[in-house]
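Hi,

Here is the model I promised to send over.

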Amino acid sequence: MFLLAVLLSSSLQAGQSVIICSVTADGAPVAGAEIVVAGMTYATDAGGAVQIVVSPGPVQITVAKPGFAPVTTTVTVATGQRQAVSIELEQPPRIEETVTVSATRSTTRLQDQPLRVEVVDQEEIDEKAMMTPGSVAMLLNETTGLRVQTTAPSLGAANVRIQGLRGHYSQLLADGLPLYGAQGDSLSLLQVPPLDLGQVEIIKGVASALYGAAALGGVVNLVSRRPRETESRLLANATSQSGRDVAAYHAQAPAGAWAWTLLGSYNGQTGRDLDGDGWSDLPTFNRGVIRPRVFFDNRQGDTVLATLGVITENREGGTLPLRTAPDGRPFREALDTRHVDGGFVGRWVIAGSRVLSVRASALRQAQQRQMGEVSERGTRAVRFAEGSLQGIAGRQTWVIGTAFQQDRFTLDQLPQFDYRFSAPAVFAQNEASFGPKFTLGVSARADLHSEYGTLLSPRLSVLVRPWSGWTVRVAAGTGAFAPTPFLEETEEAGLSRLLPLRGLRAERARGTSVDVTRVLGPLEVTGTVFGSLVNDPVQQQVADAAHVRLINADGPTRTTGTELLLRYRAGEFSAWVTHGWTRSTEIDPDRGGRREVPLTPGQTASFTVMWELESRGRLGIEGYYTGRQTLDENPYRSAGHPYVLLGALAERTFRGIGLFLNSENLLDVRQTRDDPAVLPSRRADGRWTVDAWAPLDGRVINGGIRVTF
């Protein structure tokens with residue numbers, strides 16, 4: 001022991017550090033567990049512990065023991081520090097994979113996060129890329145608690161509602177950057193090809209403490225695929241509804257610390273009038289996307305990502321040539337988009353155990369909108385910068401930082417809607433681990449908004465593992481939302497009939513959720529109960545026959561619900577079953593009194609079954625149930641009836657080539673089979689169509705080829 005102490009002392013004097021690693025299972029020490037650190041293998045003693053001399057900085061630890069699932073984790077130690085690390089082993093098989101998430105800032109393993117983060121992995125992304133190669137809309141729509149809502153039926157635009165809250169509350173990020181706007185828009189989901197995505201991270205509920213006043217409803221973080229080897233992918237697709245997609249992706253293997261990827265995509269659709277009423281049920285559009293990314297990783301904790309994106313798209317809908325709206329005149333709808341963005345994400349290990357993170361981005365998006373006789377040209381510019389410092393002190397993992405975001409909008413024809421919002425912010429987060437069974441997370445953020453003043457957003461999260469195979473997460477937080485002229489309604493109708501904004505107050509919300517997960521061998525069961533309350537919600541109100549206004553409602557929007565997810569994986573077979581119940585009510589802005597929030601189904605359910613045929617392909621079937629949902633300003637019905645969608649996917653692969661055939665909505669459910677989509681008279685905000693509560697495109701069959709070089 002004396003000799004060991006002398007050796008440790010000399011090592012520490014030479015700038016070394018010590019990790020004291022304790023390994024347990026069901027609360028009891030595990031002797032003889034193998035621990036691999038920096039290529040060296042160590043074994044725990046009878047008390048389940050071992051001391052390891054390491055170099056300061058990030059240290060990766062892998063623990064293995066026959067009869068238990070291996071565990072890999074990373075800790076950061078300072079020079080001369082003696083740091084205790086506790087690792088809990090569990091019996092295999094495990095459904096939870098070693099997935100690292102970044103949306104919560106602490107960049108820790110998914111299963112160690114006190115805040116629940118749902119991750120769509122690479123396998124699911126690849127499957128959905130064969131169904132809708134041009135967008136991530138279907139990928140998100142098939143996630144429990146998320147609903148992709150069509151906001152402009154004639155143009156096909158859509159946004160994502162998270163746990164019953166309206167789509168403009170959802171923040172869409174790319175690698176943690178607001179590359180699609182401070183608030184996003186109704187086309188963002190449709191303009192992101194999934195071919196270069198590595199995973200999708202979803203935080204449901206009030207997330208303002210993490211990402212400020214644009215994340216009242218939740219966050220969807222699209223994480224790019226990291227290049228590990230040189231590969232090229234090509235995907236070509238065509239649909240029975242005259243859709244076409246071509247996407248190419250190339251990843252260059254790291255040369256030293258540097259690597260890069262390039263994505264190029266073309267997506268198009270020819271307009272279709274499926275019910276013969278002279279109005280486009282599917283829009284005509286052509287879109288091109290190009291996105292290069294450059295990566296740096298020195299394998300010592302320093303990483304950099306830089307990206308540039310260009311999107312150009314032309315969409316057209318409304319009446320067909322030589323056809324008219326009910327007022328006897330043609331009505332053309334069109335939306336042309338020109339989007340350019342750039343972003344940077346960097347992480348550096350400093351002072352031995354600290355991690356400095358810097359994120360920055362800028363975008364400019366110009367849109368030319370045509371709504372009948374009205375033309376609007378608007379330009380949005382968003383600038384974002386953030387710096388944070390992360391450290392580990394014993395059981396504590398803390399983050400402090402500051403951020404600045406500026407959102408500018410100019411409208412050539414209607415300058416009264418121009419705005420320039422600036423919001424410097426400070427934030428802090430701390431996660432305290434009290435052994436493998438209990439973790440407490442606390443975060444808070446203050447945004448100093450130039451229009452709406454100080455917006456405070458605290459949040460508390462708790463992770464508990466009461467018994468082996470059980471995980472409980474409890475979260476509660478508050479948040480705020482800074483109103484702009486853009487709601488789901490104005491995204492569709494434009495601003496020409498909107499009265500100038502007067503006296504709007506910031507929306508403020510609080511929400512809570514409880515998640516319980518039980519792992520039973522290859523079966524994982526997760527149940528969720530959630531609730532939220534939004535005070536001063538901004539709603540659109542009819543002012544007169546030809547104008548609308550935005551107001552703060554007289555009462556809050558109340559939302560409660562439950563989610564159930566069953567996931568089974570065994571070898572080549574996997575299956576998912578989900579169910580969701582949501583009740584959301586608000587004040588009717590035109591009639592007064594409380595009502596159900598329109599376009600919010602009370603019940604949803606789904607099942608998916610997939611067989612992965614090793615080196616030969618895959619075969620899958622899926623079904624989705626959507627229950628009753630109330631409708632607004634629909635003269636044909638007050639509520640949409642329940643419906644079921646069925647789909648099937650088959651892929652055959654050989655020698656790097658995959659041929660796939662996919663079918664969606666096999667029962668050919670279509671909203672216009674029940675009622676017309678066109679209104680008998682024009683709405684006060686200028687729209688001619690009812691809201692989309694069911695599919696407008698009916699049965700769609702698509703097929704194509706994807707090649708990996």
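Glu90 sits in the loop between β8 (82-88) and β9; helices (H or I, at least four residues) and strands (E, at least two) are DSSP runs, numbered from the N terminus. With 18% relative accessibility, Glu90 counts as buried (under 20% relative accessible area, 1.4 Å probe, protein chains only). Beyond its neighbours within four places in sequence, Glu90 is in contact with Phe68, Ala69 and Gly469, where contact means heavy atoms within 4.5 Å.

A word on conventions: this is a predicted model, where local features need pLDDT of at least 70 and side-chain atom pairs count only at pLDDT 80 or more, while totals for chains, interfaces and linings use all residues. Residues are numbered from 1 along each chain as its sequence is written, and side-chain values use heavy atoms, leaving out hydrogens and water.

On to the sheet: it is open and mixed, with four strands in the order β9-β13-β14-β12 (strands pair if DSSP finds at least two bridges between them). β9 (118-120) and β12 (170-174) are at the edges with a single partner strand each, so one side of each has no neighbour in the sheet. β9 runs antiparallel to β13 (residues 197-204), joined by three bridges, and Glu118 stands opposite Ile202 in β13.

Val200 is also worth a look: leaving aside neighbours within four places in sequence, its contacts include Glu118, Val119, Val120, Leu140 and Leu222.

Happy to talk it through!

Best wishes

Technical notes
Buried means under 20% relative accessible area, exposed over 50%, partly exposed in between (1.4 Å probe, protein chains only).
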